[in-house]
Every structure is written in C-alpha cells, then in structure tokens.
Amino acid sequence: MAKKNTTANRVKPAETELKEKLVALNRVAKVTKGGRTFSFSAIVVVGDGKGAVGHGLGKARDVSEAISKAMDSAKKNLVRVPLYKGTIPHEQKGKYGAGKVLIKPAADGTGVIAGGAMRAVLEIAGVHNVLAKSQGSSNPHNVVKATIDALVKLKSPQETARQRGISLEKLFQG
C-alpha cells in the first residue's frame, strides 16, 4: 500500500488547544499458567475543532494509562485538514487495509451523518456538515485511519483555484 507523504500537513501539538475523544477501548486477555492476565488497548482521536486532527493507539495493563499513552501518540500524529464553510471542500474516498470510507460535503444544517469511529474523527476535526459512509471493515482501527486518509487527501478550494489559474468565484460557478 502506497503511503502518502503528509509532512506538509503536519501540525505541532503546542500550537493549538486540543480536545480528545475515546473511539474504542478493548480488553485483551493473555492466558498464562497463573491464570488470565488482562490488558487494555485504547484508540483516541485528538483535534482542535478547526481542521487539525490526529489518532493514536495506547496499550497498558490499566485503562487510564492506555488512554494517556494513546493521547500522547495522537498528539504526535496531528495533520491539518482543509475545511470550507463548516464542511469539506469536495467528495473523497479513503482507504486503510480493509477499511474504506466515503465522505461528501453537505449543506448547512445537515450535521455529521456518520457512524461510530468516523463520527468521532469528523467531529474532532471540526467538520459540522458532512455525509459519510463506511464501506469496508467496521474495525475501528481501520475506519479511523481510512477517515484520516480521506481527510488528508482533500484539497482546499484556494489551492485548487491556484493550480488551475482561476479565481475562487469561477471555480464554484461551473
């Protein structure tokens, strides 16, 4: 799978006030001769609600420690996402493993129409109106990564207009 270079979209965690949301918490058991040993894995998304979003995974014997590790990991993976009038600039597909997602811009007042892990990522990123569909795996790890993949692939209207050499008004006319 080709990995897209996202260094241009990176955000430093110190630059913004971050909110975090727990996407999934999983208890796993390791069977030893002394019985079962339980540990926890947590998936967390962090963002500033203004276009910065990141995800992280943390594993530990304790729930709170797993969540704090996940948050530290998420803060290291922050990327900038282009937003346009509370929604996304254009339709985009994202993929990670067997997780496939489709996100579409929506009219003002629509809200975030997305399920589970996708909803958490889109809300934390600051998208207020969007239509989204998870088409592949429902595994939260893959859905979160596929959603962030789709968001990273988005191009801002200003960037698109500049590349085509036309004005923003002309871009939205036709």
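**Cores and sheet: a quick tour**

Hi everyone, let's start inside: the largest nonpolar core has 27 residues, and Val53, Ile103, Leu122 and Leu151 touch the most other members. By nonpolar core I mean buried Ala, Val, Leu, Ile, Met, Phe, Trp, Tyr and Cys residues joined through side-chain atoms within 4.5 Å; buried is under 20% relative accessible area, with a 1.4 Å probe and protein chains only. At least two residues of this core come from each of strand S6 (99–105), helix H2 (116–125), strand S8 (130–134) and helix H3 (140–153). Helices (H or I, at least four residues) and strands (E, at least two) are DSSP runs, numbered from the N terminus. Apart from that core lies another, of 13 residues, including Leu18 and Met71.

A word on the source: this is a predicted model, where local features need pLDDT of at least 70 and side-chain atom pairs count only at pLDDT 80 or more, while totals for chains, interfaces and linings use all residues. Residues are numbered from 1 along each chain as its sequence is written, and side-chain values use heavy atoms, leaving out hydrogens and water.

Now, the sheet. Four strands make an open, antiparallel sheet in the order S1-S2-S3-S4; pairing needs at least two DSSP bridges between two strands. S1 (19–32) and S4 (79–80) are the edge strands. Between S1 and S2 (residues 35–47) there are 13 bridges, and Lys30 stands opposite Thr37 in S2.

Helix H1 (residues 63–76) packs on this sheet, touching S1, S2 and S3 (52–60), where contact means heavy atoms within 4.5 Å.

Thanks, everyone!

Conventions:
Buried < 20%, exposed > 50% of the residue type's maximum accessible area, 1.4 Å probe, protein only. Axes fitted to C-alpha atoms, helices over the stretch in contact; angles between N-to-C directions.
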